[in-house]
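Please look at the sequence and the three-dimensional structure shown here before reading on. The report after it is written for a reader who is new to describing protein folds.

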Amino acid sequence: MVVKSEDGRELRSFNFKEEDQSQEVRAVERRVLLETLASKLPKDTLRFSSKLASIEPTPNGDSLLHLMDGSNLLAKIVIGCDGIRSPIAKWMGFSDPNYSGHSAFRGLGYYPSGQPYPPKVTYVYGRGLRAGFVPVSPTKVYWFICFNSPSPSPTPTTTTNPSLLKQQAKQLISHWPTDLASIVDRSPDETVSRTPLVDRWLWPAVSPGPSRGRVVVVGDAWHPMTPNLGQGACCALEDSVVLAKKLAAAIKGGGGGGGDVEGAFRGYGRERWGRVFPLTARASVVGSVLQWENPLVCYVRNNVVIPKLVRLGPLLEHTNFSCDTL
Ligand SMILES: Cc1cc2nc3c(=O)[nH]c(=O)nc-3n(C[C@H](O)[C@H](O)[C@H](O)COP(=O)(O)OP(=O)(O)OC[C@H]3O[C@@H](n4cnc5c(N)ncnc54)[C@H](O)[C@@H]3O)c2cc1C
């Protein structure tokens, strides 16, 4: 992992093998992760293009799912993993996620004859602006640029025009060395997006729990967090393992009657809250510090804190979490 300043100067290089072998960073393309998970499911388990419009409880505790195409599904158990705008979370009483004041451009640079970068993450810390890139395959390089923006929404033109998005992303880093801009240039339009960074703080006794009856939410649908610790998707995966274990135990112990699914969901909520709430708060604080614009603060961060004070172990300590195997 390498950290640079916006003028291209290397502030710090972390060597995981030498400094802390318990740590690592793995970059996985979302498509590959999803296809890998999907390939483990029995054939015909997945039904695509089924956008949920609303959910309605039935008197016996099942749920009627109304889909956008007008069809309905009757479900004994619903696991809502439908992201930050989850209609299921809304139905459960969760507030909309809060905008952090920062947004991010993202994309995947494509190099059909092979990408030229070593297998490490490069971060660039500027003033109110930071970016990073990392190879995710022999031909693809993921990149992001995170910037301060009072408004979460891009103008209507930018939402529909990916080449304009690329132009805006490059404009932000026009005074930086050109390596990142060239990765942006190599990103096919469909990979480029602008996303407002949001989170939801799950205050005890204020926020609803993640389950209601036999309906439960996981991942961003429950605990959207800003990506400053790189833990949102990791936590969604951890949620899935914990939930699957609790659900399997309830169903196995249920004597054929389905078991205490509601109790399993409540147990999942108790176990996961202690992990996801502190991470959400910490990610928010880290994001605010990294997006500082004050030149003196940025100077101290880049010339004292990063080169001299930061240690790999404490820096990535939040990733040390085991949810055991399934
Ligand atoms: C800039 C940025 C960088 C990030 N970097 C990292 C990182 O380095 N590491 C990390 O761990 N996390 C990172 N994250 C966070 C990560 O992307 C999310 O936490 C993760 O995608 C959450 O997974 P999820 O399955 O809960 O939700 P999503 O990935 O949002 O998936 C939700 C799914 O639900 C579907 N859906 C939505 N609405 C409906 C509906 N009405 N009906 C049916 N389906 C619906 C969507 O189509 C989608 O398939 C980053 C996020 C951002 C914005």
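The sections below treat the basis of the model, its domains, its strands and a pair of helices.

## Basis of the description

The model is a predicted one, in which local features need pLDDT of at least 70 and side-chain atom pairs count only at pLDDT 80 or more, while totals for chains, interfaces and linings use all residues. Residues are numbered from 1 along each chain as its sequence is written, and side-chain values use heavy atoms, with hydrogens and water left out.

## Two domains

The chain is divided into domain 1, made of 2-28 + 98-199 + 294-319, and domain 2, made of 47-97 + 200-287; such bounds come from an automatic or database domain assignment. The C-alpha centres of the two domains lie 30 Å apart, and 12 residues of domain 1 are in contact with 18 residues of domain 2, where contact means heavy atoms within 4.5 Å.

## Strands and their pairing

Helices (H or I, at least four residues) and strands (E, at least two) are DSSP runs, numbered from the N terminus, and two strands pair if DSSP finds at least two bridges between them. Strand β4 (residues 63-67) is joined to β5 by four bridges, and L65 has L73 of β5 as its bridge partner.

Elsewhere, strand β1 (residues 2-5) runs parallel to strand β8 (residues 122-125), with four bridges between them, and V2 has T122 in β8 as its bridge partner. Strand β8 also pairs with strand β9 (residues 129-137), in the antiparallel sense and over four bridges, and V124 stands opposite A131 in β9. The hairpin of β8 and β9 has three residues between the strands, and in this hairpin G128 takes a positive phi near 65 degrees.

## A pair of helices

Helix α7 (residues 232-252) packs against helix α8 (residues 261-290) at an angle of about 155 degrees, with the axes 9 Å apart; axes are lines fitted to C-alpha atoms, for helices over the stretch in contact, and angles run from 0 to 180 degrees between N-to-C directions. That angle makes α7 roughly antiparallel to α8, since angles over 145 degrees count as roughly antiparallel, under 35 as roughly parallel, 65 to 115 as roughly perpendicular and the rest as oblique. Among the residues making the contact are V242 and L243 of α7 and F265 and Y268 of α8.
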